[in-house]
Amino acid sequence: MSRTEKTIQRREKLLSTTDLSNKKVILQKHTNNINDLDEDFFKMVQEVVVEEQEAEIIQKLEDKIVKMKKSNQLLLEDTDRKIAKMVRNLHEQVEDAKEQTLKITYEDPLSLETF
Amino acid sequence: MSEDVFDTRELRLRITQLEYEGLSQSEYKQEVQRIYLEEKGEQIPGDIKIYSTSESNDIVESTGYVGTAIHIKDENSGLSEMYVVSEGSQTAADWEYNIKGIFGGQGASQAIGTEEFVEKAKSHFDVPDSTKVIGYSHSLAHNNNATAHLLYDTFNDIYSVNGAPLDYYQLYKEDEKFKKAVEKELSVNQQQIFDVSPKKLEKFAQEYYKDKADDIHQIRYENDPLYAVSGTRGFFDLGDIDTLQSNDNYSGLRYIMDQIPDEDAKELQALVVEFSELTKNGDMNNGVKGLTGINLELIDKLKEHKVTGYFTNQNELAQMVKDADEKVPRLLEQVKKVTSNSDFIFNQFVEAGYINSSQKDLLVSELTNIEKDLVDIERILSDWNSIRNSSSSYNQSDFSSILGSDIGAFLALRSKATSIIESLEILNRDDLLSVLEKIKGDHDITTVLNMLGLDNKSYVNGDMLLKTGKVIINMSAALRMYEKGQNILDDKKDEIKKLDSSVEREIRDSYQEEKRKIKRVIHNIEENPKAYSYLLYKDPFILNLNQEIISIEVLEEFETLKQENIDNYIKQLNESVAKARKYVNNYRNAIEELFKEEEKISNMFNLVEEEST
Amino acid sequence: MEKKQPKETKQEALPDVEAFNDEYTRDFLLSGEEVMEGFYRFQSKTGKYEMAFPADGIIVEQAYRIKDSKSEEVSIGLHDERGFGMDIFFFSYYTPEDREGILRRFKSRLGYDGEFEEIEKLDKTIYFVPMEDDELKTYGAYIENKQNSGGLEVVYNIKCDNEDEQICEDYKEEDKAKALKWMDSFTFINDKGVESDE
């Protein structure tokens with residue numbers, strides 16, 4: 001290095017912040033579609049029984065479908081939350097990756113030797 | 001008769017009902033197959049093809065005839081049958097025309113359309129000569145089918161439900177052979193025929209056409225409102241008729257109508273029908289406009305903008321006055337016929353159990369109010385007309401008086417129209433409307449299906465319900481669940497796969513892509529460090545502008561993407577599909593178990609499964 | 001629907017015949033001047049055709065039917081010695097392509113098994129069928145418009161039962177000629193742009 005060469009180090013964000021929220025929309029579209037399909041399915045099932053007094057077997061099936069509906073809903077909600085979390089994490093990691101350490105070497109002709 | 005593929009009343013009625021579902025030809029075919037499967041537990045013993053009037057764009061369309069032809073064929077067994085379902089009346093507008101037109105026959109067009117369509121269908125399907133042609137009809141379409149049959153020998157058999165009867169005046173006009181027979185027997189001419197006793201003509205017609213009677217089979221519900229209005233002259237029954245008795249508290253609408261003189265009954269029916277159609281959406285403005293021609297929105301515009309409104313809306317105003325001029329007198333006549341007999345008429349309805357006394361009083365008083373308003377409107381229109389006619393509009397000094405009287409007239413009209421609306425709103429009550437609904441419903445095919453007295457079978461919205469003990473299962477829905485339910489589950493599986501690969505793409509691949517982008521920038525920086533001089537000035541210790549960047553080195557550091565695993569969720573979603581499939585099968589087994597006496601049931605599930613694979 | 005008939009002014013006296021004496025019938029007649037002997041000018045309320053209307057004829061009000069300007073049915077009762085009646089069915093949507101079906105159906109309702117006699121005119125074609133063997137002599141024709149869509153199914157019934165067979169036979173030629181003359185009197189009104197097809 002010549003007498004007037006100096007170096008500094010600094011962290012810089014090399015790219016601007018990007019918004020990844022669109023990904024959440026894309027992914028949650030699938031869960032929304034699945035939800036719609038579930039609704040269609042359950043609707044179809046619930047039309048089958050008109051009256052079920054004294055038919056234990058039918059009552060069991062009706063109870064079961066209510067449970068299934070509920071657990072499917074919960075599963076989709078969990079999946080949605082997971083999706084949101086994944087997108088958030090991705091965002092964080094991407095933004096982090098954009099920040100890098102730069103070692104800058106430069107010439108300073110006016111710098112005094114006495115330092 | 002029993003060699004036909006469709007050999008039960010339920011089958012015939014349900015297929016006749018399909019006409020109203022507005023189906024495409026392929027949907028129609030599916031529905032026919034489904035209905036047959038549900039009713040018989042087997043598949044139709046032949047190939048089905050459908051041909052409908054929506055395909056023809058010609059004389060059939062011009063006559064207004066609407067219908068669908070179903071051809072069932074089996075080369076091996078030699079089976080060839082063509083069913084022609086003619087569409088009956090639908091909307092209230094059709095009803096009104098029917099109610100009015102029916103008192104004198106529909107005119108020749110519909111029978112022409114029927115025959116032409118049948119011939120077209122035969123040639124479209126290229127049917128062998130031995131093909132049986134069977135007509136199905138509901139409501140007005142029965143008149144079409146039967147008249148076509150009498151005139152043109154169109155069918156082998158006709159099966160109808162709640163059908164409008166034949167009209168001997170219409171046949172006299174169109175069937176020259178019948179006309180000759182009447183002349184020979186009764187020595188009357190074309191005018192005098194209307195003087196002949198209706199009973200005599202009825203008997204004569206039934207005798208004359210008795211051969212054709214063997215081909216005509218009808219079911220009718222005693223409370224069918226169409227039956228109620230067909231007791232008047234001109235109508236006659238032909239063929240075997242099965243009249244189903246009502247088992248509720250309403251006694252014979254037909255009986256009521258028979259008490260009311262023809263002319264009045266006609267007007268009442270028309271008013272009731274128009275009223276219910278116009279109040280269907282609760283839009284009273286439209287109701288008043290439809291009945292009287294008075295457009296309240298227009299008048300309000302005038303009120304707001306006075307003179308300019310008057311000038312800019314001249315055409316609309318003139319049109320409105322013309323409409324009102326046409327509609328009001330006619331409406332007034334109708335209303336008068338009803339109000340002059342209202343006590344008597346509505347008493348009949350009270351006695352028959354359709355309404356109670358206080359509802360009757362309400363109807364009578366509001367109708368009387370409406371009549372008063374209409375009389376006033378008529379007077380306003382005629383006064384206003386005479387002012388207009390008595391002065392020339394070119395005369396400047398009269399102009400403002402015309403303008404003034406115009407505006408005055410419009411505002412008076414508005415107040416009368418508003419008063420009518422208030423009366424209509426009073427009458428627009430759920431309890432009264434539900435009476436109308438019931439009356440309309442008594443004409444429906446589904447009502448007839450449910451009156452057939454079938455032990456464990458009933459119908460709703462085109463679906464078939466089965467009962468065992470205290471359990472009622474919608475069998476059509478069960479088969480749908482079994483067949484279409486599986487399809488939905490297949491779709492769900494696909495969607496789950498898509499979710500999985502989407503995550504792969506949007507998260508994992510995306511991260512790699514971002515890394516690449518950053519590396520490109522890094523490369524750029526390292527190659528062209530001088531372009532990044534501005535970085536120096538950010539440092540608070542470097543103040544001098546003479547610095548020059550020599551090189552930049554990027555100390556790269558990249559994390560690996562945290563393990564974002566959605567696999568567990570995918571797994572659970574797929575499990576939910578498997579659970580649902582199992583559930584559907586359990587349901588099927590449960591139903592089969594419930595109805596174990598019925599062998600048909602498990603066969604139905606099997607066949608429906610076959611169709612979907 | 002615009003009325004195209006010019007009303008008679010009070011000055012012109014209308015002929016004292018059945019057709020004009022009947023208020024309902026008069027409404028269809030355009031003028032008190034004969035268009036041929038014993039016949040007056042009749043115009044359809046659809047505005048789409050005209051014909052010669054018999055002096056002794058009355059339009060039967062209860063049997064009259066009109067649907068927009070698409071179809072019209074007119075029934076005429078005849079009060080002359082031998083006439084029975086005339087029936088006119090007009091359909092504005094009939095075209096030559098439909099002819100086969102039209103003739104097939106017409107034959108059916110006439111109760112006729114033979115062939116039609118085709119008579120070409122400048123503006124129309126007449127498919128004629130005489131049925132002369134009954135108590136009522138029936139002359140039927142399908143009249144097809146050559147210049148536009150539209151067709152007429154017309155029937156002329158003449159009584160024969162009060163007479164002995166010989167008179168009936170004698171009048172055969174005359175009756176047939178009368179029928180043909182009447183059928184020829186039909187003219188279609190083809191102005192485009194003035195009447196709109198509804």
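B:E506 and A:K23 form a salt bridge in this predicted model, with their closest N and O atoms 3.0 Å apart; a salt bridge here is a side-chain nitrogen of Lys or Arg within 4 Å of a carboxyl oxygen of Asp or Glu. The pair crosses between chains, with B:E506 in helix α22 (residues 475-527) of chain B and A:K23 in helix α1 of chain A. Helices (H or I, at least four residues) and strands (E, at least two) are DSSP runs, numbered from the N terminus. B:E506 counts as buried because its relative accessible area is 9%, and A:K23 is likewise buried at 12% relative accessibility. The term buried means under 20% relative accessible area, exposed means over 50%, and partly exposed lies in between (1.4 Å probe, protein chains only).

The model is predicted, so that local features need pLDDT of at least 70 and side-chain atom pairs count only at pLDDT 80 or more, while totals for chains, interfaces and linings use all residues. Residues are numbered from 1 along each chain as its sequence is written, chains are lettered from A and ligands numbered from 1 in the order in which they are written, and side-chain values use heavy atoms, with hydrogens and water left out.

The interface may be considered next. Chain A brings 62 residues to the contact and chain B brings 72 residues, contact meaning heavy atoms within 4.5 Å. About 6200 Å² is buried between chain A and chain B, and carbon and sulfur atoms give 68% of this area; buried area is the accessible area (1.4 Å probe) that two parts lose on being put together, summed over both. Three salt bridges are counted between chain A and chain B. One salt bridge joins B:R480 to A:E47, with the closest N and O atoms 3.4 Å apart. The side of chain A that touches chain B receives two or more residues from each of β1 (5-13), α1 (21-46), β2 (49-52), α2 (56-98) and β3 (99-107) of chain A. Of these, α2(A) gives the largest share, 22 residues. By class, this side of chain A has 32 nonpolar, 12 polar and 18 charged residues; Ala, Val, Leu, Ile, Met, Phe, Trp, Tyr, Cys and Pro count as nonpolar, Asp, Glu, Lys and Arg as charged, and the others, Gly among them, as polar.

Strand pairing also links the chains. β3(A) and strand β13 (residues 548-555) of chain B run antiparallel and are joined by seven bridges, where two strands pair if DSSP finds at least two bridges between them. A:L102 has B:V554 in β13(B) as its bridge partner.

Within chain B, a salt bridge joins B:K132 and B:D4, whose closest N and O atoms are 2.6 Å apart. This pair links distant parts of the chain, 128 residues apart: B:K132 is in strand β4 of chain B and B:D4 in the segment before α1 (9-18) of chain B. B:K132 is buried at 18% relative accessibility, and B:D4 is buried at 3%. Strand β4 (residues 132-138) of chain B also holds B:H138, which is buried at 3% relative accessibility.

A further salt bridge connects B:E609 and B:R588, with the closest N and O atoms 4.0 Å apart. B:E609 is partly exposed at 34% relative accessible area, whereas B:R588 is buried at 10%.
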